[in-house]
Amino acid sequence: MDKSRLEWLKLESRNWVSKGIINSQQADEICRSYSADNFQTENKSNSILIVVGACLLAASIVLILSNNWHKLSSLQQTMLAIGVLLVSQLMNAIAIYREKKWESYREAIAIFHVGAVFASLGLIARIYSIDGHQSTYLLICLLLILPVAYIMRSIGIATIYMLGCAWWVSWERFNNPWSFNIVWLLLLAILPWHYLFVKNSVVKLRGEFILRWSIPISLYIAFYQTVATNYHNLELLLWSFFVGMLLLIVDYLARYKEHLGALKTSSKFLVFVILLFAGFEDYWRYMLKANANEYYVLYFFVLIFAILLYKGWKVQDNVGKGLGVAPVVLGIVLVFFKLGISAITASSLVNIYVLLLAAYITRAGLQIRSIYVSNMGLCMLLVLALLRFFDSSFSYLARGGIFAIVGVLVISLNFWLMRKSKEKHSQEQEYFTREEDPHE
């Protein structure tokens, strides 16, 4: 437990003692059991400087070798390339053997190993003039650093691996039509690492924030490269079901919600963005050009999404339920669109759904008196109104009226919520004051 939370616990334990819930000895035992001394915590600045130092050291080796490279024979060049890799392996072995004493240096050694692998393979290819595409070189390096991510339990290597997979498919999609299938196998290979990381983590680590955001970034890039090339006519529908699946998976895996928090936040935002794009009729005209293979892929996503929606509906909150049915709505509109309704009618139905969704989320925030949730719904309403502001089918008077109504609604609801929040806080203060008064 970090210092701020420990201080909070000490203050709370004093309140518990004053109310007679526990005695002072029990309070001391509770604080000691959650003391920061029981865990191996690292100084943030030291950790950052160590990793930066390791990167500088790796860069210096590359620069020094490059400056004197032409003076060395092929054998000497090969020995140096292999020597850099052997040094990194030796450092890995020492870090594993002296686990407790080298805890602070593990991430730096892991980053150095990544640089050694990339540099050594690049130097060997240059020495012996091995022809090959950059994507092949990147794939080999990623496969070589993957086992080290498990052995060293390194956040840095896991992050580099996932982002490297996304970078690889961006290159390889122009050379290999099977790269879209391979990239998902590559990302699947790091999945057990995340399970072990969440299972064995006791305290938050310094690089966990970067790790969390690398998960959605790598998944989104890989999916974009997959659908943009092969299934671009139904890209909007495929994105909605893919992102909806991710939201359901995060909610279903409640134990990993904190680790997958960035994935959930970004997926909610993407669902709303997809709905906004679906509110324009041009995107529905593209779907008329879709072939049978594209629809087969869409049917597959619909089936998986339906199973997940059935299994995970009960564990979702109100906002999740409202956004979770968005792919279903788009699918129903697509069915009517194929049956003969116009593109403008299809886009209007989506806009009506977004309007109802914004009202539903705002109402849910009002019920639980949450300014954050209600403002989320109001922001959706504002963005929807803003997009209609640039729609030439509305007159200036109509646009001005929409903005005036939405503006008054936002201000009045926020004032109401702030007043209710203050009333609730004053009632709680009055209750605790009455509980602590001995004359009552």
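The following exercises, with worked solutions, concern a predicted model.

Residues are numbered from 1 along each chain as its sequence is written. In this predicted model, local features need pLDDT of at least 70 and side-chain atom pairs count only at pLDDT 80 or more, while totals for chains, interfaces and linings use all residues; side-chain values use heavy atoms, without hydrogens and water.

**Exercise 1. State how many helices and strands the chain has, and what share of its residues is buried.**

Step 1. Helices (H or I, at least four residues) and strands (E, at least two) are DSSP runs numbered from the N terminus. The chain has 19 helices and zero strands.

Step 2. Buried means under 20% relative accessible area, exposed over 50%, and partly exposed in between (1.4 Å probe, protein chains only). Of the 440 residues, 39% are buried.

**Exercise 2. Identify the buried residues of helix α9 and the helices against which they pack.**

Step 1. Helix α9 spans residues 191-200, and its buried residues are Trp193, His194, Phe197 and Val198.

Step 2. Because these residues cover an arc of only 125° around the axis, they lie on the same side of α9. The arc is that of the directions from the helix axis to the C-beta atoms.

Step 3. The packing partners of these buried residues are α6 (134-152), α7 (155-172) and α10 (208-230), where contact means heavy atoms within 4.5 Å.

**Exercise 3. Describe the backbone and the exposure of Arg153.**

Step 1. Arg153 is located in the loop between α6 and α7.

Step 2. Its phi is near 55°, a positive value in a residue other than glycine. Most residues other than glycine have a negative phi.

Step 3. With 42% relative accessibility, Arg153 is partly exposed.

**Exercise 4. Characterise the aromatic pair of Trp184 and Phe242.**

Step 1. Rings of Phe, Tyr and Trp (its six-membered ring) pair if their centres lie within 6.5 Å; planes under 30 degrees apart count as stacked, over 60 as edge-to-face and the rest as tilted.

Step 2. Trp184 and Phe242 are edge-to-face, at 6.1 Å centre to centre and with 65° between the planes.

Step 3. Trp184 belongs to helix α8 (residues 179-189) and Phe242 to helix α11 (residues 235-252), so the pair ties together parts that are 58 residues apart in sequence.

Step 4. Trp184 is partly exposed, with a relative accessible area of 27%, whereas Phe242 is buried at 7%.

Step 5. Both residues belong to one aromatic cluster, together with Tyr220, Phe223, Trp239, Phe300 and Phe301.
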